[in-house]
Amino acid sequence: MNTVERWKQEKHPLAVIEDVKRYAEEGLSFEEIETEAGDGEWERLKWAGMYAHGNHDDYFMMRTKVPGGHLTPEQAEVIGEVAAEFATAPEEFGGAEQNDIWGDGFLDITTRQDIQTHWIEIEDVPEIWARYDEVGLTTIQGCGDSARNVLGCPAAGLTDHEAFDAQPVIEAVSEFFTENREYANLPRKFKMTITGCRHDCGQSQINDVGLVPAHKAVDGREYYGFHARVGGGLSDGPRMASPLDVFVPPEDTVEFARAVAQTFKELGDRTNRGVCRMRYLVEQMGPEAFEEAVRDRCSIDLPGRGTDLTEGYTGDHVGVHDQKHDGLKYVGFNVIAGRMGGEEFAAAARAAEQYGTDDASVRLATDQNVLVTHVPTENVGNVLDEPVARKYRPDPGPFSRGAVGCTGSEFCNYGIIETKNRVRRWAKALDRRIDTPEDLEVVRMHMSGCSASCAQPQIADIGFRGETVAIDDPEGTTNEEGDNIVEGMDFGLGGSLGVDNEFIDWVEHAVPADAVIPALEKLFDAYTSERADDERFYEWCRRVDNDRLREVMRRADADVAGGVPHGEVTSGD
């Protein structure tokens, strides 16, 4: 049993919720919390949706779950107001000017349709929870070894792209697992996605459990339901999910998800944290044996597969789009790297309420963008005239449209490089500097600050994985050993989901950050001159071999290949 498992045995992780309320009432510091509860408390606090905040003692990151990315305007306004009021840095860390782009009181939209806020103090958590309770929000199990936020299509119920609206199923599954002690201590995090959308916006191929639309004739009648994929994931050891031979009726989805969680709970590895995700169990057992184990633990007799209705992968909802309801539109706003001010998020919520119908909502997408729905056609102009709409435009350039960034070293314990500001600067610079083909609406550029893949670089056209890089520049020495250490990244090309899904190829390693944009300019010069008809950038990258891609990158007037990972450098090298 590994150390985390021991901590979970010492105290059930969900017990920390009541402890948080007491810590807040007594105003305990980090040092006092650890003295009282031990260092395992930092792990258990994740079940409350709270991470200790990087190097900033006495501050937390708080993660709010948004099942399917679906918020009412009232919920969205509360989230924005909480961020503006409580996610504020102390003066010693910059105060209102802590970030030179976003200032203070901002929030981050994640690739799992969550909301993250920073600089949260323990004393404020009960008040935040009270406001959330009033509108049906929670942070419970936003983190930790349990079922995480359940993903879905952000346009669920809006378009003809879906076979059926799966949002009610998402909410039922989320409700079952939230605060359920029986399934709140799994070997590792448990990620699910459920969609009735034919375009697989919920990314079923990279989740532990992915349910996608299908139909099947049962006893002479046609039914809509789900096909299941299991064992997908990224980080180290990425794996595309494997299909199971099951058809899951919507009314049986909670039981199916429970049976998968039970299988993982019983058979998953609890010794080595590096290989205890469910994808390793599926790979070890094989999909057929895993399916048999799930069936053995499922209280219903699941039929075999029917007809799969998934047609590909979209994952992009930026722009003004028709809804299937006459006279209504939804507007997808481009939030580069997922970060926006709390007041701005609240303003988007108020715009939805003011200009939308009674069914209006605010949706979060897996590409970190925001949708406002149920807007009558005659009100679209008013929405687009709002200051928040002018800043987070629904008609961005292709790099801005596809830019995704994790938290990075600004706040994350694991982050090696800064990401949020860099992604925004680079996306805007690339839109100005690179003349892309007119039919190329989006270039997916994802930056993770470490190898944990929170920004999903493996499925992007262009993916970055942060690391420190040593370059040969004695005049810029940064340590006692005489090394010049700069922020850099592994540089990957050619990833995608969908019918032609493939993970990225890491084409060049340890590229200094200041060499990346010149290298991209050379790559796009070659792409635009060589592309076949309608060929996407990732398709071109796959057609061209990696040696050629490296050769094109190294034409740049920058030291693209001059760095080595800092960990590989020894004194005197």
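A pocket is an open set of grid points with protein on both sides within 12 Å along at least five of seven lines. The legends below describe close-up views of a predicted model.

**View 1. The second largest pocket and its lining.** The volume of the second largest pocket is about 430 Å³. Its lining is made up of 22 residues. Those that lie nearest the centre of the pocket are Tyr 313, Thr 314, Val 442, Arg 444 and Arg 536. By type, the lining of the second largest pocket comprises 9 charged, 7 nonpolar and 6 polar residues.

View 2. A disulfide is a covalent bond between the sulfur atoms of two cysteines. The structure holds 0 disulfides. For Cys 276, the closest cysteine sulfur belongs to Cys 454 and is 15 Å away, which is too far for a bond, because a disulfide requires a pair of cysteine sulfur atoms within 2.5 Å. Cys 276 is buried, and its relative accessible area is 2%. Cys 298 is also shown; this residue is buried, with a relative accessible area of 11%.

**View 3. The salt bridge between Glu 36 and Arg 22.** Side chains of opposite charge can pair when their charged atoms come close. The structure has 45 salt bridges in total. In one of them, the side chains of Glu 36 and Arg 22 meet at 2.5 Å, N to O. This pair links distant parts of the chain, with Glu 36 in helix 3 (residues 30–37) and Arg 22 in helix 2 (residues 16–26), 14 residues apart. Glu 36 is partly exposed at a relative accessible area of 43%, and Arg 22 is partly exposed at 28% relative accessibility. Both residues belong to a network of salt bridges that also links Arg 6, Glu 10, Lys 11, Asp 19, Glu 26, Glu 41 and Arg 44.

**View 4. The salt bridge between Arg 273 and Asp 145.** The side chains of Arg 273 and Asp 145 form a salt bridge at 2.7 Å, N to O. Arg 273 counts as partly exposed, at 23% relative accessibility, whereas Asp 145 is buried, with a relative accessible area of 1%.

View 5. Arg 550 and Asp 547 are joined by a salt bridge between their side chains, at 2.6 Å, N to O. Both residues lie in helix 18 (residues 546–553), and they are 3 residues apart, about one turn of the helix. Asp 547 counts as exposed, at 54% relative accessibility.

View 6. A pair of aromatic rings is described by the distance of the centres and the angle of the planes. The structure holds 22 aromatic pairs. One of these, formed by Phe 176 and Tyr 183, is tilted, with 6.1 Å from centre to centre and 40 degrees between the planes. Phe 176 is partly exposed, at 27% relative accessibility, whereas Tyr 183 is buried, with a relative accessible area of 4%. Elsewhere, one aromatic cluster is formed by Tyr 59, Phe 93, Phe 106, Trp 119 and Phe 411.

Methods: Residues numbered from 1 in each chain as written. Predicted model: local features only at pLDDT ≥ 70, side-chain atom pairs only at ≥ 80, totals over all residues. Heavy atoms only, no water. 1 Å grid on protein atoms, 1.4 Å probe; cavity = no way out; pocket = protein on both sides within 12 Å on 5 of 7 lines; lining within 4 Å. Points joined across faces, edges and corners; volume = space filled by probe spheres on them. Nonpolar A, V, L, I, M, F, W, Y, C, P; charged D, E, K, R; others polar. Buried < 20%, exposed > 50% of the residue type's maximum accessible area, 1.4 Å probe, protein only. Salt bridge = Lys/Arg side-chain N within 4 Å of Asp/Glu carboxyl O. Helix = DSSP H or I, 4+ residues; strand = E, 2+ residues; numbered from the N terminus. Phe/Tyr/Trp six-rings, centres within 6.5 Å; stacked < 30°, edge-to-face > 60°.
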